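Here is a short briefing for a reader new to this structure. Please look at the sequence and the model first.

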Amino acid sequence: MSDEFPTSAADIAWNVRNNLISAADILERHLAAIDAREGDVHAFNLVLADEARARAAEIDDAVSVGRDPGPLAGVPIALKDNMCTRGIPTTCSSKILDGWRPPYDATVVTKLHEAGAIVIGKTNLDEFAMGSSTENSAFGPTRNPHDTTRVPGGSSGGSAAAVAAGFAAASLGSDTGGSIRQPAALCGVVGVKPTYGAVSRYGLVAFASSLDQIGPFAHDVADAALVLEAISGHDQMDSTSIRQGPLEITRQLDMGVAGLRVGRITDLPEGASPDVAARLDEAFDALRDAGAEIVDVEVPAFGYGLTAYYLIAPAEASSNLARYDGVRFGHRVEAPDTNAMYMATRTDGFGAEVKRRIMLGTYALSAGYYDAYYGRALKVRRRIAADFAAAYERADVLLTPASPTVAFHLGDKTSDPMSMYLCDTYTIPSNLTGDPGMSVPFGTGDDGLPVGVQVLAPALQESRMFRTAAELERRAPR
């Protein structure tokens with residue numbers, strides 16, 4: 001057995017597959033890290049210690065008889081608590097799903113199991129993935145492991161924090177408007193939103209079905225590629241799943257960026273703090289030094305993304321969340337009649353931000369306002385997609401900030417929803433277009449906190465996006 005303790009997903013899997021360290025030992029190290037700091041960070045809604053130990057034993061038994069458990073053998077992975085796990089509570093960090101245990105696994109959970117991974121727990125999130133700070137949770141906020149007075153970002157803040165704190169080697173989150181990339185930036189880890197349809201959404205509790213996408217968090221770009229390859233590919237259970245095999249990324253990570261055209265968006269909306277803007281400039285310089293060509297491009301409709309998103313996403317949420325009525329499953333408040341029960345259940349079961357978005361979405365879809373609001377937002381969405389397509393004719397990838405600022409203090413933005421929404425200024429457009437995007441750590445900003453640079457690419461061009469991210473990782477300020 002090796003005396004060294006591997007921390008990356010790739011190293012863990014290699015050591016476990018080659019019987020150099022046991023999956024059980026790897027798991028116990030991570031459970032010990034959870035015991036030491038989870039009380040301060042609150043990354044998890046549920047730690048699955050017993051289930052994880054049983055799974056680790058299965059993997060070790062397989063290795064002992066010469067069977068290969070898979071490319072993620074023994075890797076502890078945390079799941080955002082909006083992904084269905086059979087017989088295990090799935091809450092979406094909402095009171096309204098209290099007591100619900102799904103009768104099936106999400107496709108990504110099945111694929112992780114097939115790849116040999118160990119699910120170590122379900123992570124905290126903004127309720128129903130609606131938020132940018134993981135403060136909108138019925139179970140309390142998650143805190144940034146780098147500074148527990150600050151937020152980890154959201155809505156996948158628990159998943160980002162779990163990786164940043166060393167509680168899991170990797171994790172899965174969902175990204176509807178930046179909910180993987182923004183917390184990845186604030187927590188100093190890699191976070192990926194794949195092309196819409198490249199990863200199955202079957203078993204992901206829906207927020208906005210045309211925008212939601214599952215993706216990985218990891219310590220480094222290579223680990224993120226490894227996990228994404230394992231969970232991607234066609235799924236007949238998801239009607240929006242792209243008919244193609246798993247993404248192939250890992251073998252291209254060392255190709256470099258020589259000759260690659262990296263786009264600088266000249267009409268990018270303002271709002272990035274000086275420290276974040278400085279790291280972005282340094283990222284362009286680093287890629288230029290690595291042989292990339294920096295080209296100026298325009299995306300005129302980029303700045304309209306926020307407005308369009310906050311009509312389209314709440315409209316879809318209004319429809320998707322109508323099923324939580326106290327009748328079929330989850331929380332129920334008894335009342336004299338059915339209508340009173342509906343109102344009492346939803347009033348008590350949903351938090352303030354979810355109610356705000358349901359009301360906004362219902363209004364946008366209502367008679368007399370549909371064309372004026374939702375219909376126009378869909379037109380803006382098409383315009384944004386067209387502008388990005390034009391930009392990609394001149395550039396292979398684009399670079400922007402992932403978050404306008406480093407992690408802010410808990411409570412700083414909770415009283416001003418608009419200031420919270422602006423956290424997603426740079427991430428929302430790629431959800432509207434369906435294109436992939438990822439955040440890669442690139443130095444630090446104010447107070448020594450992590451800064452993430454966002455790499456964007458055309459649909460199904462994850463390989464060039466990861467090549468760029470890998471080069472940024474190699475050249476990041478230390």
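Buried means under 20% relative accessible area, exposed over 50%, and partly exposed in between (1.4 Å probe, protein chains only). This is a predicted model, in which local features need pLDDT of at least 70, side-chain atom pairs count only at pLDDT 80 or more, and totals for chains, interfaces and linings use all residues. Residues are numbered from 1 along each chain as its sequence is written, and side-chain values use heavy atoms, with hydrogens and water left out.

**The sheet**
- Strands (E, at least two residues) and helices (H or I, at least four) are DSSP runs, numbered from the N terminus.
- Two strands pair if DSSP finds at least two bridges between them.
- An open sheet of mixed pairing is formed by 11 strands, in the order β1-β3-β2-β4-β6-β5-β10-β11-β9-β7-β8.
- Its edge strands, β1 (44–47) and β8 (293–297), each pair on one side only.

**Strand β5**
- In strand β5 (residues 190–193), Val 190 and Val 192 point one way, Gly 191 and Lys 193 point the other way, and all are buried.
- Strand β5 runs antiparallel to β6 (residues 214–218), with two bridges joining them; Phe 217 in β6 is the bridge partner of Gly 191.
- Strand β5 also runs antiparallel to β10 (residues 437–444), with three bridges; Gly 437 in β10 is the bridge partner of Lys 193.
- Ser 439 in β10 stands opposite Gly 191.

**Phe 408**
- The loop between β9 (397–401) and α13 (417–421) holds Phe 408.
- Phe 408 counts as buried because its relative accessibility is 7%.
- Between Phe 408 and Asp 348 there are 60 residues in sequence and 29 Å in space, C-alpha to C-alpha.
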